[in-house]
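Please read this report alongside the sequence and the coordinates. It covers the overall fold and then selected residues.

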Amino acid sequence: MDSTYRRQRHDSEEVCSVKWDFIKMSQQEEDLILRMYRLVGDRWEIIAGRVPGRKAVEIERYWIMRNNTHFLPPSSKF
């Protein structure tokens, strides 16, 4: 590998294998996130601006965990 490729790869965001703790949201936050997602898509910064006290990264992780069967408890899987 040349140094340019390594530098670009190093500067990019890496996938982390650290276990994520499930993010708890209130029913109102969940409803707002769902409505905002339908309206603006995965523009997490915009959604976070409407949910007081939440960061874009937190909302994105919540969305991924909520909508990906990999993160659901075993009893919830289809």
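## Fold and helix packing

Of the contacts in the chain with a separation of 6 or more, 43% are made by residues 24 or more positions apart, where contact means heavy atoms within 4.5 Å. The model is predicted, so local features need pLDDT of at least 70 and side-chain atom pairs count only at pLDDT 80 or more, while totals for chains, interfaces and linings use all residues. Residues are numbered from 1 along each chain as its sequence is written, and side-chain values use heavy atoms, with hydrogens and water left out.

The chain has four helices and zero strands, in the order α-α-α-α along the sequence. Helices (H or I, at least four residues) and strands (E, at least two) are DSSP runs, numbered from the N terminus. Of the 78 residues, 21% count as buried; buried means under 20% relative accessible area, exposed over 50%, and partly exposed in between, with a 1.4 Å probe and protein chains only. The chain exposes about 6,700 Å², of which carbon and sulfur atoms supply 51%. These areas come from the Shrake-Rupley method with a 1.4 Å probe, and for residues only the protein chains shown count as cover.

Helix α4 spans residues 56-67, which is 12 residues. From its first C-alpha to its last, α4 reaches 16 Å, close to the 16 Å expected at 1.5 Å a residue; the expected span is 1.5 Å times one less than the number of residues. Ala-56, Ile-59, Tyr-62, Trp-63 and Met-65 are buried in this helix. The buried residues of α4 pack against α2 (27-40) and α3 (44-50).

Two packed helices are described by the angle between their axes and the distance between the axes. For α2 and α4, the axes come within 12 Å and cross at roughly 90°. That makes α2 roughly perpendicular to α4. The axes are lines fitted to C-alpha atoms, for helices over the stretch in contact, and angles run from 0 to 180 degrees between N-to-C directions. Angles of 65 to 115 degrees count as roughly perpendicular, under 35 as roughly parallel, over 145 as roughly antiparallel, and the rest as oblique.

On the α2 side, Glu-30, Ile-33, Leu-34 and Tyr-37 meet Ile-59, Tyr-62, Trp-63 and Arg-66 of α4. By class, this contact has six nonpolar, no polar and two charged residues. Here Ala, Val, Leu, Ile, Met, Phe, Trp, Tyr, Cys and Pro count as nonpolar, Asp, Glu, Lys and Arg as charged, and the others, Gly among them, as polar.

## Selected residues

Tyr-37 lies in helix α2 and counts as partly exposed because its relative accessibility is 28%.

Glu-29, another residue of α2, is buried, with a relative accessible area of 16%. It is in contact with Val-51, Pro-52 and Arg-54. Arg-54 itself lies in the loop between α3 and α4 and is buried at 18% relative accessible area. Besides Glu-29, Arg-54 touches Ile-23, Lys-24, Met-25, Ala-48 and Ile-59.

Ala-56 is found in helix α4 and is buried, with a relative accessible area of 11%. Its contacts are Trp-44, Glu-45 and Ala-48.

Notes:
Lists of a residue's contacts leave out its neighbours within four places in sequence.
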